[in-house]
Amino acid sequence: MRPQSTLLKRSIRYAVMPEISSRFREFGFNFGYLSFLTAYLFSITRLLPAGHPYLNADNINRFGVRDVILEAYTNLKWSWKNIDQIVLFVLVSCAFLLLLAQLISILLFLCSYSGSAFATIITGLFQTTPPDDDLALIMLDRIFGVPNVFNSCIAQGVLCTGAPSALPATPWPIHIGLHALFQFYSACMLVVALLIILYYFFVVVAETAQTGSPFGRRFGSVYAPLRLVLAVALLLPLANGINTGQYLLLNVANWGSGLGTNGWKVFNISLTNALGSDAPNMIVKPNSPDLTTLVQFYHLVTSCRAAYKRVYDKDIQPYLYTGTASVSPSTFAAALAFYAGHKDIRIRYGENGSTATPPIHGTYASRIRPYCGEIVLSIDSTNVPFALTISEAYFDIMESLWNNTNLNQMAEKIAEERYGFSTFVGAVACPAIWGGGCTNAPPVTYLRNLISMTQTNLEATLVATLSPASVTGYTGFDYGGIFLDQGWGAAGLWFNKISEINGAIITATYEIPYGQDLPEVMEFVAQEKKRMAPQLFALDKYNPQLPKEPKDTAFSWQAARDHEVAGHLNEIYKVFTDDDLDPTPDAKEDSNPIGVILSTIFGADGLFDLRENNDVHPLAQMSGLGKSIIESAITNIGIGMTLSFGAGAASSANEKPASVMAEGFSGTFITIGSIALTTGFLLFYILPFLPFIYFFFAMGKWVKAIFEAMVAVPLWALAHLKIDGDGISGPAAKNGYVLLLEIFLRPILTVFGMLAAVSIFTAMAVVMNELFDLVAANLSGYDSYSTPGTYVSGTGVATFLDIEYYRSQVDQFFFTLLYVVLIYIMATSCFKLIDLVPNSILRWIGEGVESFGDKAEDAADNLIRYAAIGGGVLGGELTGALKDGAKGLGQVAGGAISPFK
């Protein structure tokens, strides 16, 4: 073909044809290398001879794949000796035909949907529906207040779920000021951009003159103009003072949040709950507490009822009461309904004055006079059915003790023996449990048996209530409803349910009903004694006897025979100081003292045995352990304060040995209590809270990255103003696109990080629990063929001086403590994945950009550290102050006692 004809064709094509394909090639959609590679493949089988123009790299983009295939077909000879050429030609041709067919099928699939339907399919993945209560969107609306972007309840001005009232729709005054600042900032950057463009104008003119090339050799003929247009477009202010680039950023953040929320919803809809564990594995099984004080109270109440009936012919009955109404207790459900909206069930044992004519006892609430005292059953949770069942068990125990036949018969017979014949009550037969015709002293065996029976009933209730059969099917751990509507930002909230539910169960177990008031006459004696003889108040406050004073005239009694009732009830009260009533099981009687003292950190009599709950999820396990430690710590601190009070009293009374001993034991109990309080705080409050803490701060880092990007977008726009380099972004603006991708992906990556953290922690904790017995045995040299705690050499009997006497419980204590520390360390290290996954995963695409939020210190680590240090310091200071205060009160009391010695 003649050169003149070729030149004419190219000129006409350039003038009239848009040449879209060449523009695509300039954008990077260049298939010239594919054509060159295809030609090289054909040259291997000699379909293209050596030296063919298509094999010259300088001719790339001057021919296409179709040209190469047609040229090869021209040179193909259809004969058996050229079978290699035929096979290669057929394979290459089929490959390109399949590729073309696939592209056509994709286009047909897309065309089968309407434009709106296709848009819905694509955008639905990145939209939050509904956006009203999404926590991440609420936070972004509160910060930026840009209308019609996030559309949460804050932006709409409607009531958010759980909020007391609706707030005005955004923008708020602070948002208006922020938008004005953004507008001012964008305008300034636009001026800078114009100066940069002006600078490049002179540079291009100078380089054109110097090199002779249009626009200079550095000028990218395609990318430079596009970057110029893109930079100016990104800086153009739109509505609300926000420029185009900032609107793009906010929408990218919105789409990323929608992706995270939709992913979180898909995960939760596909399983029972966020941990994938059944309810029986999420609930701890606490041991029952000591009920001796509860039995003691009802021993007093039934004795009081018998005394008032015999002495005054008063019919003492239990009443539920408020300020204006009262009712006899019937069932637990009825009591809850009566005290609707309150936390406590109060039962007052006394006389209802509203039935008298005229009504009496007007100074008492609901006219119920508490002749025989008042007991309180605290209800801390009405949302956890297991906690309510335990509270109901306590209510039933209270009812059974009030109506206990043996307890009432003994009370009535003892009252008859003390007061003699009464016209109000006939003779009482000797109870069978007294025996001997009631000629001997009243026995206490029935009380010990009653304590044991009550304890057994409670333990049976706990076992039945928290058995797998009862717990299976419980949906309280499920994550749905409003929690899913709150989006990915609320994913960490689920883990609070572990602490909430297990804490409610532990609290209900140890919320033993307590005597708010003892019988009225005993409270009267205590008040009068505190007023008239404070030096004796702490030592024997219910004894109606003062030195050198007859008991019937010592106080201003309200009724003629109240002194008799007071003396009788004081003796009943003192019965429980008898060692024979110790409810400790026989197996515990042989426990060595060091083991007993050390076990107080975990609660007296084994409040919670961690390793026995090895089938429980580790987070629930640690939460239950922490709650039991807190309960034990409060008890230990109370014992320490009591001993400190005694030390002060003994010091003022010149009883130095007793003072020193009490002071030493007081310091021991208070120190143990303060350590246990810090430990329980970390395990019960902080550890189950860790997923939420890390997740919340991860969401905060995402929001901080968005704010950083809002400020950086104008600078990123300026970074596009480069006349050299390839690509739309150029060498300077590349990292900005990666940061946009990081903002888009961080929500769903944070969800992945949380799921990875929980899954890995659970797996590690379960394996640790399985291996821990073997590790402990290897470390301690335990002989599995001998009896733990028994000294097998010599006589074979362990004595007080043998180390083996202490070994079993001491080892158990320290290995349990080590187990807790290991689980805690595993939890803190695993939950850091919530931050590490979104911070580091972009390295998989060869990028390592960071926002300033990624460089911040680990807020969760700091919280744990400061909580532990602050808790220890504050606990030490508080317990020290309590100890000193109790000691000071004891010294005052001891000084008052001295004149009577």
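How many disulfides does the structure hold?

Tutor: The model is predicted, and it holds three disulfides. With the bonded cysteines numbered in sequence order, the pairing is 1-2, 3-4, 5-6.

Cys153 and Cys160 form one of them, with sulfur atoms 1.9 Å apart. The torsion about their S-S bond is about 100°, so this disulfide is right-handed. Both Cys153 and Cys160 are buried.

Cys304 and Cys372 form another, and here the sulfur atoms are 2.1 Å apart. The torsion about the S-S bond of Cys304 and Cys372 is about -85°, which means that the disulfide is left-handed. This pair links distant parts of the chain, 68 residues apart: Cys304 belongs to helix H12, while Cys372 sits in the loop between strand S4 (368-369) and strand S5 (374-378). Both Cys304 and Cys372 are buried.

Cys430 and Cys438 form a disulfide with sulfur atoms 2.0 Å apart. Their link has 95° about the S-S bond and is right-handed. Cys430 is partly exposed, at a relative accessible area of 31%, whereas Cys438 is buried, at 7%.

Helix H12, which carries Cys304, covers residues 292-312 and also contains Tyr308 and Tyr312. These two tyrosines are four residues apart in H12, so about one helical turn separates them. A search of the whole structure finds 21 aromatic pairs. In the pair of Tyr308 and Tyr312, the ring centres are 5.7 Å apart and the planes meet at 35°, so the pair is tilted. Another aromatic pair, Phe338 and Tyr339, is edge-to-face, with 5.0 Å from centre to centre and 90° between the planes. Phe338 is partly exposed at 25% relative accessibility, and Tyr339 is buried at 6%.

Ring pairs also link Phe297, Tyr298, Tyr349 and Trp402 into a cluster. Arg305 lies over the face of Trp402, at 3.8 Å from the ring centre. Arg348 is placed over the face of Tyr321, at 4.2 Å from the ring centre.

Conventions: Residues are numbered from 1 along each chain as its sequence is written. This is a predicted model: local features need pLDDT of at least 70, side-chain atom pairs count only at pLDDT 80 or more; totals for chains, interfaces and linings use all residues. Side-chain values use heavy atoms; hydrogens and water are left out. Rings of Phe, Tyr and Trp (its six-membered ring) pair if their centres lie within 6.5 Å; planes under 30 degrees apart count as stacked, over 60 as edge-to-face and the rest as tilted. Buried means under 20% relative accessible area, exposed over 50%, partly exposed in between (1.4 Å probe, protein chains only). A charge sits over a ring if NZ of Lys or CZ of Arg is within 6 Å of the ring centre and within 35 degrees of the ring normal. A disulfide is a pair of cysteine sulfur atoms within 2.5 Å.
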